[in-house]
Amino acid sequence: MTDGAATQVAHVLVAADKFKGSLTAVQVAERVTAGLRKVVPGLSVEALPVADGGDGTVAAAVAAGFERREVEVAGPVGTPVTAAFALRGTTAVVEMAEASGLQLLPAGEFAPLTATTYGSGELLRAALDAGATTLVFGVGGSATTDGGAGMLAALGARFLDADGEPVGPGGAALAELASADLSALDPRFAEVEFILASDVDNPLTGPKGAPAVYGPQKGATPEDVETLDTALAHYARVLEKAIGPKAAELAASPGAGGAGGIGYGALLLGAGFRPGIELMLDVLGFAPALERATLVITGEGSLDEQTLHGKAPAGVAAAARAAGKEVVAVCGRLALPPEALGAAGIRRAYPLSALEPDPAKSIPNAGPLLEEVASHIARDFLA
């Protein structure tokens, strides 16, 4: 170790997120460990894959010792999918992307106006049925912009049009909403601890709302964005008639716009909002693992401006810096200058692009490249 730490027995904590499109967080930890040990055989390495509440959150929880539970639910376009949540004791980690994620749509296909969060509601109900009294609800990576209406419908809410018929699935159909009845929502939500884990603080609608900011990522055209924003604003007004001013307050709250507005649905169910990575580090047992570490390696596929706004590496680095631990990062692509890395608490970043600048070659070979990068880290910090 550098800076006088060589007298300590090195113990490396690998707390990295996935490299989206190439390696899971578990695989990142495995490859980094292998690369470190090529240089320092027998090195003590502890792997704690992390996630910020988006896709990969359940996998990170399972890697930390939670039990994986699977259930069949409605996918984002209504077809059945097998979705998982993670359970340890009475704590469940539920990831909306498992039921309503963009990755569940056929490649290149989107359903910005009609994708539903109904399956996410079914997944939450399954976690309650399994005995969970603490629900950690990770949102991100969604295919949906329905304000959580589908999720609420799966949990007992009724959203009716002027003819008294249920409105169709998806955000656009909420323009036809005439009345909302939340009286039959699953009563267990009044008794459990329900925590919304999200790395976004957007409100439901408006220039910084879910449709405007995230709709285009889900295939929404400018016209679709306008349709969805108008429909969600109408949805909030109808809910205000049903349950009072709280509906409008929550629509404007930080996190309401998370994952196409499912954050709003969660807040209506009584969820408390916490930054995703901060909450997930608590759930995964990061603090005791950090205490044991002499060097922390974090990372994700792209270290860029977004990383600094609540993504996993920034959360890991902030906690490690507060504990006086040195942090380095691995990534596929580096788009942050050294001063930004330093301000985030990251001593140095090691991008795969330094070894293979062509993404078409780097992505399919991310595993071996990551091992090589980890060998460089070992030589620079551990040898």
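These notebook entries record what I looked up in the structure.

**Entry 1: model and overall dimensions**

I note at the outset that the model is predicted. I looked up the secondary structure and found 15 helices and 13 strands in the protein. I then turned to the overall extent. Along the principal axes, the C-alpha atoms fill a box of roughly 75 × 40 × 35 Å. I also checked the radius of gyration, which is 22 Å. A compact globule of 383 residues would have a value near 21 Å, so the protein agrees with that expectation.

**Entry 2**

I asked in which sense strands β12 and β13 pair. The pairing of β12, residues 326-334, with β13, residues 348-351, is parallel and runs over four bridges. For Val328, I recorded Arg348 in β13 as the bridge partner. I next looked up the unit to which the two strands belong. Together with helix α13, residues 338-344, β12 and β13 make a β-α-β unit, and I noted its hand as right-handed.

**Entry 3: aromatic pairs**

I looked up the aromatic rings and found four aromatic pairs in the structure. I then asked which residues the ring pairs link into a cluster. The cluster consists of Phe137, Phe189 and Phe194.

**Entry 4: the largest pocket**

I recorded a volume of about 1200 Å³ for the largest pocket. Its lining comprises 49 residues, and I listed Lys18, Lys20, Asp55, Gln306 and Lys311 as those nearest the centre. I also looked up which elements give two or more residues to this lining: they are α9 (258-268), β11 (295-303), β12 and α14 (359-362). By residue class, I found 15 nonpolar, 20 polar and 14 charged residues in the lining of the largest pocket.

**Entry 5: the second largest pocket**

For the second largest pocket, I recorded a volume of about 260 Å³. I noted 16 lining residues, with Ala149, Gly150, Ala153, Val167 and Gly168 closest to the centre of this pocket. Helix α5 (149-154) and strand β7 (158-160) are the elements that give two or more residues to the lining of the second largest pocket. How does this lining divide by residue class, I asked, and what are the counts of nonpolar, polar and charged residues? I found 10 nonpolar, four polar and two charged residues in the lining of the second largest pocket.

Notes:
Residues numbered from 1 in each chain as written. Predicted model: local features only at pLDDT ≥ 70, side-chain atom pairs only at ≥ 80, totals over all residues. Heavy atoms only, no water. Pairing = 2+ DSSP bridges. Right-handed = clockwise from strand over helix to strand, strands pointing away. Phe/Tyr/Trp six-rings, centres within 6.5 Å; stacked < 30°, edge-to-face > 60°. 1 Å grid on protein atoms, 1.4 Å probe; cavity = no way out; pocket = protein on both sides within 12 Å on 5 of 7 lines; lining within 4 Å. Points joined across faces, edges and corners; volume = space filled by probe spheres on them. Nonpolar A, V, L, I, M, F, W, Y, C, P; charged D, E, K, R; others polar. Rg over C-alpha atoms; globule rule 2.2 N^0.38 Å.
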